[in-house]
Amino acid sequence: DSTDRSLEICETYCAKDPRFILINQNNSGPSVARNNAIDAASGEYLAFIDSDDYAEPNFLEAFFTAAKSTDADLTICNYYKQISENNIQKASCKYAPGLYVGDDCRKIAYEAIDVSPFGIRPYSYIRFIKRDCLENPRLRYNPLVYRSEDYLLWTQVFFRINRLCLITDQYLYYYVDNPDSITHRHVKDYWPMVKTLYAELNDAL
């Protein structure tokens with residue numbers, strides 16, 4: 001149940017604009033929530049924003065413009081990391097903005113497996129993807145994995161796309177460092193998730 005009026009706020013927006021769809025469900029983790037949203041979506045593209053974070057007003061517009069102008073399967077922006085109200089840091093990325101096609105796209109895919117502080121981070125919230133890229137065959141977040149679920153899905157996605165657009169010069173998203181989030185909490189059954197990550201990536205790659 002909502003404890004912060006978020007349900008009421010969402011209902012208000014849905015009443016104002018029919019493009020909003022409210023999915024009211026029990027807390028089942030980020031993978032299940034995102035999967036339900038993907039299944040309910042009908043647009044050409046998918047984007048993600050986590051509940052602790054916020055984005056620039058032109059977040060979707062900038063993504064859409066870049067994706068459409070390059071016919072990219074996947075578009076990735078850069079982001080800020082907000083440590084505190086007065087401490088906001090820019091993330092670093094060694095890749096120049098532009099369109100990467102075929103072998104150049106694949107090279108970045110292989111390098112992304114080894115998560116580097118200066119490489120492409122595996123986060124959902126910096127990605128804008130054609131919805132069709134998650135179909136035929138169907139690909140979703142593994143519901144048994146609720147930590148590092150981004151890494152698993154987007155590594156698999158990297159190897160089914162052929163056109164990657166990087167807008168690494170555009171900082172469109174603010175990741176808020178929340179000490180109470182699942183990223184920082186001890187997850188007692190994380191080891192089985194790690195084995196699932198290994199098994200699925202080993203099969204896929």
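This is a predicted model: local features need pLDDT of at least 70, side-chain atom pairs count only at pLDDT 80 or more; totals for chains, interfaces and linings use all residues.
Which residue forms a salt bridge with Glu-44? Residues are numbered from 1 along each chain as its sequence is written, and side-chain values use heavy atoms, with hydrogens and water left out.

Okay, back to Glu-44. The partner is Lys-68, with the closest N and O atoms 3.1 Å apart. By salt bridge I mean a side-chain nitrogen of Lys or Arg within 4 Å of a carboxyl oxygen of Asp or Glu. This one links distant parts of the chain, 24 residues apart: Glu-44 sits in the loop between α2 and β1, and Lys-68 in helix α3. Glu-44 has 41% relative accessibility and counts as partly exposed; Lys-68, at 42%, is partly exposed too. Our cut-offs there are under 20% relative accessible area for buried, over 50% for exposed, and partly exposed in between, using a 1.4 Å probe and protein chains only.

There are 11 salt bridges in the structure. Another one pairs Asp-39 with Arg-140, at 2.9 Å between the closest N and O atoms. Asp-39 is in helix α2 (residues 30-40) and Arg-140 is in the loop between β6 and α5, so this pair ties together parts 101 residues apart in sequence. Here Asp-39 is partly exposed at 41%, whereas Arg-140 is buried at 11%. Then there's Lys-130 with Asp-71, 2.8 Å from N to O. That pair bridges strand β6 and the loop between α3 and β3, 59 residues apart. And some bridges share partners, which joins Arg-34, Asp-50, Glu-149 and Asp-150 into one network.

Now the overall picture. We have 6 helices and 7 strands, taken as DSSP runs numbered from the N terminus: H or I with at least four residues for helices, E with at least two for strands. The C-alpha trace spans about 45 × 40 × 40 Å along its principal axes. For 205 residues, a compact globule would have a radius of gyration near 17 Å, and the protein agrees, with 17 Å. That's over C-alpha atoms, and the globule rule is 2.2 Å times the number of residues to the power 0.38. Buried residues make up 39% of the 205.

What about the inside? The largest nonpolar core has 42 residues, and Phe-158 and Leu-164 have the most contacts inside it. A core here is a set of buried Ala, Val, Leu, Ile, Met, Phe, Trp, Tyr and Cys residues joined through side-chain atoms within 4.5 Å. Strand β7 gives the largest share of this core, 7 residues. Leaving out residues up to four places away in sequence, Phe-158 touches Leu-74, Ile-76 and Arg-106, among others, where a contact means heavy atoms within 4.5 Å. Phe-158 is also one of the buried residues of α5, a helix with 10 of its 10 residues buried.

Asp-169 and Cys-77 are 92 residues apart in sequence but 7.4 Å apart in space, C-alpha to C-alpha. That's my tour, thanks.
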